[in-house]
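Here is a short briefing on a single protein chain. It covers packing, aromatic pairs and confidence.

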Amino acid sequence: MRKFFLPLGIFVAFSILAQLSFGGSGTSYAQKVPTFTLDQAIVTALQRNPVLLNGEQEIKRTRGVIIQVRAQVLPQVTARANFDWTDPHLIGARILGTTTGTGTAPAGTTGAASLFESPPSQVRDIQVPLADPTPAPIQNVQASDISYSISVTGTQLIFNGTSWPQIRGSFFQRDSAYFAFRNILDQLIAMVKTQFYQIVVNRELVSVNEQSVHLLEAQLKDQQNRFEAGTVPRFNVLQAEVALYNQLPLLISAQNNLRIAKITLAKTLGLDFQPGRGENPPLEVAGEMPYIPRSISLANAIEMGKERRPFLKQARANVLNQKEQVRAAAGQWLPTITTTGGGEWVSSPTNSSWHDISKGWIATVQGSMPIWDSGAIAGQVIQQRALLFEAKNTYDDDVRQVELEIQQAYSNLQQNRELIQSQEKNVEQAEEALRLAKARLDAGAGTQLDVLNAQVQLLTAQSTRLQALFGYNSSLAEFDRATGAQSIYHEMFADLTPHATKTKTYYTGSGVDAEGKPKQVEETTVRTSHGRSRTSYSK
């Protein structure tokens with residue numbers, strides 16, 4: 001019995017130890033929480049973010065569209081084979097008769113009797129009787145129960161009015177997908193920067209609120225000691241307690257905001273939830289909130305944004321693609337000519353042997369041209385032209401959208417820069433005011449209310465400065481996105497860049513229109529509600 005319980009006890013002991021070690025995996029995981037710098041976070045997002053990965057696949061999909069559309073004008077070779085077997089019992093027809101002839105011709109006729117008998121001759125010559133010829137047997141010719149045929153044909157489009165515009169349009173679709181990918185890339189980088197700085201500022205706000213709570217706890221303890229000594233009334237203790245409990249919700253809210261910010265960044269980076277971490281944060285960030293003033297010219301920034309923003313280049317590609325769609329729709333009025341040629345091998349109808357097949361060449365030229373379609377093609381052309389003008393209007397509105405985003409980012413930068421400059425001195429003054437209020441309270445010349453007010457003012461100044469730093473850096477990230485200044489990370493995807501996207505076709509500066517043509521001065525008249533008109537000039 002002891003031999004049985006000894007191994008059982010060892011097994012139970014190891015099981016308990018295993019459970020304890022598994023329960024402590026949260027601690028071991030906490031030591032392995034990944035820590036990201038800003039550059040590491042951006043690179044991870046570029047590698048794992050599903051939105052960006054989908055944009056990359058969209059580029060590959062449009063490359064497949066190019067191959068598919070281009071195949072319309074290239075030779076196409078097709079091999080066909082047909083094999084047929086029929087039960088001999090179901091074959092009801094024979095090429096010739098089914099029996100052998102053995103009868104003789106009727107009297108007075110020969111075996112090869114004529115259908116029309118000639119009149120009797122008037123000269124009666126001595127006729128030597130002819131011997132009846134031996135009738136030849138009629139052979140049975142039976143159809144083969146197996147038939148097959150093989151053909152190899154090639155088809156080549158000679159001319160039509162739709163394929164070439166569709167091919168050019170597919171290239172513009174590829175370029176549009178690439179610029180959409182670039183736009184997603186810029187948005188993702190700006191998002192990662194903003195979320196990274198959000199974690200930093202929330203971490204600093206937690207630290208500021210913790211310091212404030214510690215100071216209020218020390219203040220409460222000091223007032224309790226003074227009350228026990230009989231130097232201050234009970235009111236001072238209650239006031240210190242209220243101030244402390246009013247500060248605790250701010251600390252709890254700051255801690256929650258920090259947790260939410262870390263979870264949000266983890267989702268953007270494409271990090272999966274790990275059950276072993278429990279309530280531990282999915283990641284940590286290493287870095288501070290920088291403040292690097294940048295000298296910016298608004299006019300130059302707007303022009304740079306127009307020239308470099310992939311958002312506008314995508315709209316340009318859409319306009320050029322729609323222009324080709326108009327040509328493709330109008331090309332349906334033109335004739336379509338195709339040619340087909342190849343060889344064919346057909347089995348013998350009476351023999352399935354490969355040596356008795358019939359073979360030869362075939363060639364076909366086909367042509368078609370619409371004469372009257374009751375306006376079907378004209379309706380398609382009207383639709384495509386309307387879509388073209390819609391694309392142009394969208395491009396013009398996108399230009400104004402880029403101008404708006406740059407001006408908004410510039411204004412936010414200016415606001416946060418002024419806030420930072422105003423709060424830098426304010427934090428120093430609030431710290432000095434709190435020190436003096438404590439000194440006055442210790443000396444008996446001040447009140448507890450002065451200390452609490454100074455503490456609130458210091459917390460407000462520190463929070464305002466941190467929020468201004470966060471606003472400046474997030475506005476700077478948005479400004480870089482709006483101006484297309486994230487080229488440092490674009491080199492990671494150089495293999496996806498089509499050559500056409502680097503040409504002047506996609507120059508989107510102020511001097512060109514939606515199609516890339518130089519703008520001309522146009523006189524426009526704007527009518528007011530009173531019927532008066534105002535003339536303006538636009539380039």
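Leu283 touches Val33, Pro34, Phe36, Ile199, Lys262, Leu265, Ala266, Leu269 and Leu271, leaving aside residues up to four places away in sequence. Leu283 is also among the residues with the most contacts inside the largest nonpolar core, along with Leu46, Val192 and Leu269. The model is predicted.

**Nonpolar cores**
- The largest core has 74 residues.
- Helices that each supply at least two of its residues include α3 (38-48), α4 (50-70), α6 (234-269) and α9 (376-443).
- The most comes from α5, with 20 residues.
- Another core lies apart from it and has nine residues, including Leu434, Leu441, Val451 and Ala461.

**Aromatic rings**
- The count of aromatic pairs is five.
- Tyr148 and Trp354 are stacked, because their ring centres are 6.3 Å apart and their planes lie at 15°.
- Tyr148 belongs to strand β3 (residues 146-159) and Trp354 to the loop between β5 (336-346) and β6 (358-368), so the pair ties together parts 206 residues apart in sequence.
- Tyr148 is buried, at a relative accessible area of 14%, whereas Trp354 is partly exposed, at 48%.
- Tyr178, Phe179 and Tyr506 form a cluster linked by ring pairs.
- Arg234 places its charged end over the ring of Phe227, 5.8 Å from the ring centre.

**Confidence**
- The chain averages a pLDDT of 82, and 80% of the residues score at least 70.
- Residues 1-30 stay under 50 and have nine contacts beyond four places in sequence.
- Residues 533-539 are also below 50, with 21 contacts in the model beyond near neighbours in sequence.

Terms used: Residues are numbered from 1 along each chain as its sequence is written. This is a predicted model: local features need pLDDT of at least 70, side-chain atom pairs count only at pLDDT 80 or more; totals for chains, interfaces and linings use all residues. Side-chain values use heavy atoms; hydrogens and water are left out. A nonpolar core is a set of buried Ala, Val, Leu, Ile, Met, Phe, Trp, Tyr and Cys residues joined through side-chain atoms within 4.5 Å. Buried means under 20% relative accessible area, exposed over 50%, partly exposed in between (1.4 Å probe, protein chains only). Helices (H or I, at least four residues) and strands (E, at least two) are DSSP runs, numbered from the N terminus. Contact means heavy atoms within 4.5 Å. pLDDT is the predictor's confidence in each residue, from 0 to 100. Rings of Phe, Tyr and Trp (its six-membered ring) pair if their centres lie within 6.5 Å; planes under 30 degrees apart count as stacked, over 60 as edge-to-face and the rest as tilted. A charge sits over a ring if NZ of Lys or CZ of Arg is within 6 Å of the ring centre and within 35 degrees of the ring normal.
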